Amino acid sequence: MQIERCKGCTDLSAQDMLRFRSVEAAFQETARSYGYDEVRTPTLEYLYLFTSAGTLTTGMLRRVYSFLDWDGWSGERVVLKPDTTIPTARLFIEQMQQQGYPARLSYVTNSFVFEESATKARERWQCGAELIGAGGDIADAELISFACDAVKRMGIDKIEVRLSHVGLLRELLASLGLNHTEQDDVLSRILDGELSALESMHAAKGQSLEALRLLLNTKGDSAAFLKNLRSLFASDIAGVQDELSSFIKTIEMVESMGLAYQIDFTCGKGFEYYTGIIFRLFAGAVNVGGGGRYDRLVETMGGTSAPAAGFGLYIDRLSALINIDHLYIPVSQRVSLSVDPSAMKVGCEVADLLRRAGLVVLMGPNGTVAHDCGWELQVKQDEPQIVLFNCATGERNNCSSAIEAVALVGLV
Amino acid sequence: MPPTADILEKARWGLDDYNDKSRLYRLKSSTRGDISAKIFQERDIPIQVAIGNYDIGICGSDWVAEYTVKYPSCNLVTVRDMGFGEGAVYAAAMPRVMENDEITTRNPAVRIAGEYPNLAHSLALKMRLRRFSIYPLWGSADAYPPENADIVLLSRKNEAEITSLGFVSLGKIVGFRACLIVNRDSLRHKDMSDVLASIDAIIPKVFPHESAGFGQFVNIGATRQCMQPRCELDADTVRLALPDGHQQSHVRKIMDAAGIQIDDYPSAYGNRRPKISLDGFFIKVIRPQDMPMQVAGGDYDLAITGRDWLIDHLHQFPGSPLMQMLDLKYGWVRIVAVVTNETPVSTTAELQQMYSAQGKSCRIAAEYVNIADHYARTNHFDSYRVVPTWGATEAFLPEDADVLIENTETGSTLVKNNLKIIDTLFESTACIIGCTHPDQSPIKAQRMAHFVQLLRGALEAS
């Protein structure tokens, strides 16, 4: 019987892991430079963490991996975490809330969502950051800048930011006369990509519905676009003025950072906890990450009210885009060491010295030679005890000591 | 069964043995060579058609909804409303008005019970319940509120039947009628046109059809308002679950022998809360299969069920606080592993070796899904699938399963169905199950011990 990998799950080969670690390292270096401390949350969480109103959309909740645990006789289910922001907010409430604001947290973790197609990943890795306890345009700009810097540090220079604003959409939905539950329902459907949700609101007021249609069907690339919208709708629809002005400030900051951007109100699929700005990062046509502001999440989850925002970068997608040629160890730094069993003590000393000198040593029994090595070193009981071959030239050197062998390789 | 049989007869399928009195599972057509049929429990039918074991099925569309709400991309297509068997699955609760939105903010979890766990789960998501527990039931769902469930899913003909039980209907979750379902791949690739046309020709074409999707009829606002604070009994009251169905006469006999009086049990009127002569006891009548989870979850203190269901529960939840408190020594059965007589093995070890050598996955059908899973794991089957069933399990071999985990008393039903036992997993009798907690009231603990002692005395005297 052929044993198969689970559908929608991926093995990471040695080359894949080089890419993975490279993306991870670039993110972690950037996180440290922005003052974000690394945390990790568990893979298993209670389902109710995610079912609270204002967290994940119903569409997302239908695709979580949930089950009764071995002690789940109460009927309450656990899940493989489908999202990373919510568990991080839980961790913050449990352990850090008393330590003062703001909290700058980063993580590298996996999440799980069912996908119909076996070609789509059901386990996803991402590196992300949450800024809890800081609000406003500067906090938004810090996160967008952090996300872009991390991607650039990975060697990906051409990035486009796409921005939306859930607060603005919510204000418009509220002005349509929808109650909070109905707003959640329609917003959930819009964020799940179902734009026809608007058409089902027969009783909606004309002006707000027009504004929503315009927002969802038009993309802009300047603060002027938002200013135009403000002049069209803000005077008629209460509440829109503040949200639009806040959005314009953030856009102006993004402009001052010199980032390419687009305003797209339909981004943010699947996540209901966003309250303000939402952004997604694109490298060419590839969406490599995204995030947004979720000022009510901490309070919804039982914590003290705190503004918050965060983002996640998709490691699998970024890994495919980066160049890792420089990460391979050159053949000239790889040594194949074959040791006579009676000379094992000397063999180990030689291997230790070479490794300390930064060389890769592949040790094997007498007479074996590892592939892809620039050097072959033989250690025997008899004289000459240490013999070094240059695999490229075929040159042979009898060495009187391990140090001489290391010196010959030219790296001491 | 009769309306379906009537339609199939008019369609000239020639399934002469398909009637109420027939005890056959497999049906041969006397008129058509391209039809053979099998009888299943209704809720098994969508699963069997979706996985491709059957091309066509007839069942209530409530069971189709229960399956497809969880597996929306399954290979199941409903092709025809058959026009009979009309009813609906309703969400219901006991009437009592709460503060608005209390349900979404309160703790502990909202308990939703019913025979439709997938619909219940979807309802909870749609209602955006903050925290909820789903109790999948084998039956008797109407017995649960308000003490043991906050919302219950009930299948009834109309809303009036819901209110006649004393419930408030929170809305219709799905309406249903009998329907004709087909496997999507069979529909795409297999010529079934004659068979489908024969049915189509005799079904009236136009029915008022409810086109709205899942939960569109549920009034979520009203649901929230009807939820009530958890109904708690006095801490000293022992909550005892007694079985419905054929076990009732046995339980009654033991109770009589122990000098315990129970009024209206078994009940001719479906009374689910009979009165007992012991002070400080509250009784409900529910399905024995559902008792272990209810007792472990703290909704009951004691229950009379089968050891088979206790063990099934403990295989699912090894850390469960549930324990057997008294063997009642009636209802003896063996839980056995069964294959067809044609399967060339006589032990589980041989069966495991056979499937290992063939490199095939072994399909194990059982009502006891956790016992079946435990059986496969402890016997190191390389690859296996547990096929959950809701009865008529013998019908699954050999076409739809390779092994059954089944209970048997004399083995005669197995023999009649050309089956043989290759392993006895354990023996089971009726028993009292219960939990003891360190923080349990001493009066309650004393009452529980007294009840068990009375029944033990009766058993010893007999």
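## Before you start

In this predicted model, local features need pLDDT of at least 70 and side-chain atom pairs count only at pLDDT 80 or more, while totals for chains, interfaces and linings use all residues. Residues are numbered from 1 along each chain as its sequence is written, and chains are lettered from A and ligands numbered from 1 in the order in which they are written.

## Helix H1 of chain A

The buried residues of H1(A) are A:Arg19, A:Ser22, A:Val23, A:Ala26, A:Phe27, A:Thr30 and A:Ala31. They fall within an arc of 165° seen down the helix axis, so they line one face of H1(A); the arc is taken from the directions from the axis to the C-beta atoms. Here a residue is buried if 20 or more other C-beta atoms lie within 10 Å of its own, exposed if 12 or fewer, and partly exposed in between, with C-beta atoms placed from the backbone. On the face turned away from the buried side sit the exposed residues A:Ala14, A:Met17, A:Glu29 and A:Arg32. Just after H1(A), A:Gly35 has a positive phi of about 80°.

## Strands that pair

Three strands of chain A form an open sheet in the order E2-E4-E3, with antiparallel pairing; two strands pair if DSSP finds at least two bridges between them. Strand E2 (44-46) and strand E3 (66-68) of chain A are at the edges with a single partner strand each, so one side of each has no neighbour in the sheet. Three bridges link E2(A) with strand E4 (residues 77-80) of chain A, and A:Glu45 stands opposite A:Val79 in E4(A).

Elsewhere, strand E7 (residues 160-165) of chain A runs parallel to E8(A), joined by four bridges. The bridge partner of A:Leu163 is A:Ile263 in E8(A). Strand E8 (residues 260-263) of chain A has A:Tyr261 and A:Ile263 on a covered face, with A:Ala260 and A:Gln262 on an uncovered one.

## Where chain A meets chain B

Finally, 18 residues of chain A are in contact with 23 residues of chain B, contact meaning C-beta atoms, placed from the backbone, within 7 Å. Helix H2 (48-51), helix H3 (58-61) and helix H7 (180-191) of chain A each supply at least two residues of the side of chain A that touches chain B.

Terms used. Contact = placed C-beta atoms within 7 Å.
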